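Notes are in the order I looked things up.

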Amino acid sequence: MSCYLRHVKDILPEAGIQVTPVNKKQIDQAIHRVVGVEYKDCPVAWRALKQQITGYEKTRQEFVKKLKAALT
């Protein structure tokens, strides 16, 4: 499982996502796609993810919207 998933626990509910043992991998893969990083490259994905979720509320909201779309 992704090393960063525990750090985004507050963001996932904003996207209407509840992490379960069944969907963890799917969520991890979707996050990698949204941030544009090859799957299983956790350190690079986390760096890209941090840039999108910290700082401006607008970029955080855009990430949430993209993640929601990636999982539907």
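**Before starting.** I am working from a predicted model, so local features need a pLDDT of at least 70 here.

**H1 against H2.** I began with these two helices. Their axes come within 9 Å and cross at roughly 65°. Since 65 to 115 degrees is the perpendicular range, I put H1 down as roughly perpendicular to H2. I noted the crossing of H1 and H2 as left-handed. Then I listed who touches whom. On the H1 side I found Ile31, His32, Val34 and Val35, and across from them in H2 sit Cys42, Ala45, Ala48, Leu49 and Gln52. Sorting the residues of this H1–H2 contact by class gave me 7 nonpolar, 2 polar and no charged.

**H1 against H3.** Next I took H1 with H3, the helix of residues 57–70. I read a packing angle of about 125° and axes 9 Å apart for H1 and H3. That makes H1 oblique to H3. H1 passes H3 in a right-handed crossing. From H1 I wrote down Ala30, Ile31, Arg33, Val34 and Val35, which meet Phe63, Lys66, Leu67 and Ala70 of H3.

**H2 against H3.** The axes of H2 and H3 come within 6 Å, and I get a crossing of roughly 120°. I call H2 oblique to H3 on that basis. Leu49, Gln51, Gln52 and Ile53 are the H2 residues in the contact, and Thr59, Arg60 and Phe63 are the H3 ones. I counted 3 nonpolar, 3 polar and 1 charged in the contact of H2 with H3.

**Aromatic rings.** How many aromatic pairs does the count come to? I got 1 aromatic pair. The partners are Tyr4 and Trp46, with ring centres 6.2 Å apart and planes at 5°, so I logged the pair as stacked. I checked the cut-off too: planes under 30 degrees apart count as stacked. Where do the two partners, Tyr4 and Trp46, lie? Tyr4 is in the segment before helix H1 (24–35) and Trp46 is in helix H2 (residues 42–53), so the pair ties together parts 42 residues apart in sequence. Is Tyr4 buried or exposed? I found Tyr4 buried, at a relative accessible area of 0%.

**Glu14.** I went back to the segment before H1, where Glu14 lies. I have Glu14 as partly exposed, with 38% relative accessible area. Leaving out residues up to four places away in sequence, I found Glu14 touching Arg60, Val64 and Lys68. Arg60 is one of the H3 residues in the H2–H3 contact as well.

**Lys40.** Which loop holds Lys40? I placed Lys40 in the loop between H1 and H2. At 64% relative accessibility I count Lys40 as exposed, because the exposed class begins over 50%. I also took the span from Glu14 to Lys40, which comes to 24 Å, C-alpha to C-alpha, for a separation of 26 residues in sequence.

**Thr20.** Thr20 is another residue I found in the segment before H1. At 28% relative accessibility I filed Thr20 as partly exposed. From Thr20 to Glu57, 37 residues apart along the chain, I got a C-alpha separation of 27 Å.

**Arg47.** I finished on helix H2, where Arg47 has its place. Arg47 comes out partly exposed, at 49% relative accessibility. I took one distance there: the C-alpha atoms of Arg47 and Val35, 12 residues apart along the chain, are separated by 9.4 Å.

Conventions. Residues are numbered from 1 along each chain as its sequence is written. This is a predicted model: local features need pLDDT of at least 70, side-chain atom pairs count only at pLDDT 80 or more; totals for chains, interfaces and linings use all residues. Side-chain values use heavy atoms; hydrogens and water are left out. Rings of Phe, Tyr and Trp (its six-membered ring) pair if their centres lie within 6.5 Å; planes under 30 degrees apart count as stacked, over 60 as edge-to-face and the rest as tilted. Helices (H or I, at least four residues) and strands (E, at least two) are DSSP runs, numbered from the N terminus. Buried means under 20% relative accessible area, exposed over 50%, partly exposed in between (1.4 Å probe, protein chains only). Axes are lines fitted to C-alpha atoms, for helices over the stretch in contact, and angles run from 0 to 180 degrees between N-to-C directions. Angles under 35 degrees count as roughly parallel, over 145 as roughly antiparallel, 65 to 115 as roughly perpendicular and the rest as oblique. A crossing is left-handed if the near helix is turned anticlockwise from the far one by less than a right angle, and right-handed if clockwise. Contact means heavy atoms within 4.5 Å. Ala, Val, Leu, Ile, Met, Phe, Trp, Tyr, Cys and Pro count as nonpolar, Asp, Glu, Lys and Arg as charged, and the others, Gly among them, as polar.
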